[in-house]
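Open your viewer, switch to a cartoon view and keep the selection tool at hand. We will go from stop to stop, selecting a few residues each time and looking at what is there.

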Amino acid sequence: MFMRLAKIYKQTDFDLEYEKFKKIYPDAAKFLDESDSLDRWTRAYSPRSRYNIMTTNGVESINARLREERQLPIIALLNSLQTLTTSWFSRYRKASVASTTNFTPPIESILSERFNIGRGYQIYELGRLEFDVRSATNSDITNSDIVDLESKRCTCREFVIDKIPCSHAIAASYFCDVNFYSLCSKYYSVMIWSLASSEPIYLVLNQNEWPLDDMLVLPPVIKRRRGRKKTKQISICWRIWRR
Ligand SMILES: [Zn+2]
């Protein structure tokens with residue numbers, strides 16, 4: 001229920017669900033209220049776009065994959081990272097070349113799912129590219145969302161946060177004969193996917209081949225702490241997440 005709350009887009013929907021959460025899990029809600037503010041863990045109150053990334057699973061996977069390598073000296077670690085990322089890039093390059101769609105497979109599947117949901121909506125034209133979209137099963141005014149195709153916004157907030165048209169926007173675009181692919185961020189396209197993995201990554205050269213010239217490179221100044229050395233997790237992404 002906590003994860004579901006974190007992923008809600010609209011603040012009004014969040015407030016409603018959070019009240020239910022408080023009744024079911026009062027201790028957890030008290031902990032959340034006292035320890036963190038809503039903008040740190042909810043999509044609805046976050047001042048920034050969080051897209052679909054709501055966990056650190058990606059970082060955990062890399063940490064697990066590099067469990068042995070993390071113990072290596074720095075150059076051996078960098079070279080093993082090169083081997084790993086090069087194999088991923090090669091796989092992505094092949095997949096992007098073989099792709100017959102405009103957008104990456106996960107985005108195509110989201111668009112197809114939203115298109116099917118949008119087939120059940122009733123569309124009311126408000127302006128040239130502005131629409132009131134209502135669920136056909138419950139077409140009362142409280143169940144409507146306003147879509148503006150020009151500014152790529154919808155009151156459900158999925159469109160503006162994810163940069164992928166929501167089911168309302170897809171239904172509205174179909175209604176007024178606009179290609180809904182044109183409403184999707186180019187960063188989800190196969191072309192960008194292919195470009196992201198196009199640069200080769202090279203191994204670190206042998207030390208005697210380093211182009212140092214007259215440069216004097218000294219090891220960094222570090223202060224050793226007393227006690228047992230702890231294994232440290234690579235937490236670059238975590239820091240970005242908490243920024
Ligand atoms: Zn919407």
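Start by selecting Val160, which is found in helix 8 (residues 158-162). Keep in mind throughout the tour that this is a predicted model.

Val160 and Ser49 are 111 residues apart in sequence, yet their C-alpha atoms are 8.6 Å apart in space. Which residues is Val160 in contact with, leaving aside its neighbours within four places in sequence? Select Ser49, Lys152 and Arg153 to see them.

## Stop two: a hairpin

Next, select residues 121-125, which make up strand 1, and residues 130-135, which make up strand 2. These two strands pair in the antiparallel sense, over 5 bridges. Follow the chain from strand 1 to strand 2: the two form a hairpin, with 4 residues between them.

For a detail of the pairing, pick Tyr121 and look across to strand 2, where its bridge partner is Ser135. Here is a general point to remember while you look at strands: in a regular strand, side chains alternate between the two faces of the sheet.

The charged end of Arg134 sits over the ring of Tyr124, 4.5 Å from the ring's centre. There is another such arrangement to visit: select Arg43 and Tyr9, where the charged end of Arg43 sits over the Tyr9 ring at 4.2 Å from its centre.

## Stop three: salt bridges

Side chains of opposite charge can pair when their charged atoms come close. How many salt bridges does a search of the whole structure find? The count is 10, and we will visit a few of them.

Select Glu17 and Arg4. They form a salt bridge in which the closest N and O atoms are 3.7 Å apart. This pair links distant parts of the chain: Glu17 is in helix 2 (residues 11-24) and Arg4 is in helix 1 (residues 2-7), 13 residues apart.

Is Glu17 buried or exposed? Its relative accessibility is 17%, so Glu17 counts as buried, because the cut-off for buried is under 20%.

Lys20 and Glu17 are 3 residues apart in helix 2, so about one helical turn separates them. Lys20 counts as partly exposed, at 43% relative accessibility. With Arg4, Glu17 and Lys20 all selected, you are looking at a network of linked salt bridges.

Still in helix 2, select Glu19 and Lys22. Their side chains meet in a salt bridge, at 3.6 Å from N to O. This pair is also 3 residues apart, which means a separation of about one helical turn. Glu19 is partly exposed at 41% relative accessibility, and Lys22 is partly exposed too, at 30%.

## Stop four: aromatic rings

Color Phe, Tyr and Trp so that their rings stand out. The structure has 13 aromatic pairs.

Zoom in on Tyr92 and Trp193. Their pair is tilted, with 6.4 Å from centre to centre and 40° between the planes. Tyr92 lies in helix 6 (residues 74-98) and Trp193 in helix 10 (residues 190-196), so the pair ties together parts that are 101 residues apart in sequence. Tyr92 is partly exposed, with a relative accessible area of 32%, and Trp193 is partly exposed at 21%.

Move on to Phe115 and Tyr174. The ring centres are 5.5 Å apart and the planes are at 85°, so this pair is edge-to-face. It links distant parts of the chain, with Phe115 in helix 7 (residues 105-118) and Tyr174 in helix 9 (residues 167-175), 59 residues apart. Tyr174 is exposed, with a relative accessible area of 61%.

To finish with the rings, select Phe2, Phe14, Tyr18, Phe21, Tyr25, Trp41 and Tyr45 together: they form one aromatic cluster.

## Last stop: the cysteines

Select Cys154 and Cys166. Cys154 counts as buried, at 6% relative accessibility, and Cys166 is buried with a relative accessible area of 1%. A disulfide is a covalent bond between the sulfur atoms of two cysteines. How many disulfides does the structure hold? The number is 0.

Key:
Residues numbered from 1 in each chain as written. Predicted model: local features only at pLDDT ≥ 70, side-chain atom pairs only at ≥ 80, totals over all residues. Heavy atoms only, no water. Pairing = 2+ DSSP bridges. Salt bridge = Lys/Arg side-chain N within 4 Å of Asp/Glu carboxyl O. Buried < 20%, exposed > 50% of the residue type's maximum accessible area, 1.4 Å probe, protein only. Disulfide = S-S within 2.5 Å. Phe/Tyr/Trp six-rings, centres within 6.5 Å; stacked < 30°, edge-to-face > 60°. Lys NZ or Arg CZ within 6 Å of the ring centre and 35° of its normal. Contact = heavy atoms within 4.5 Å.
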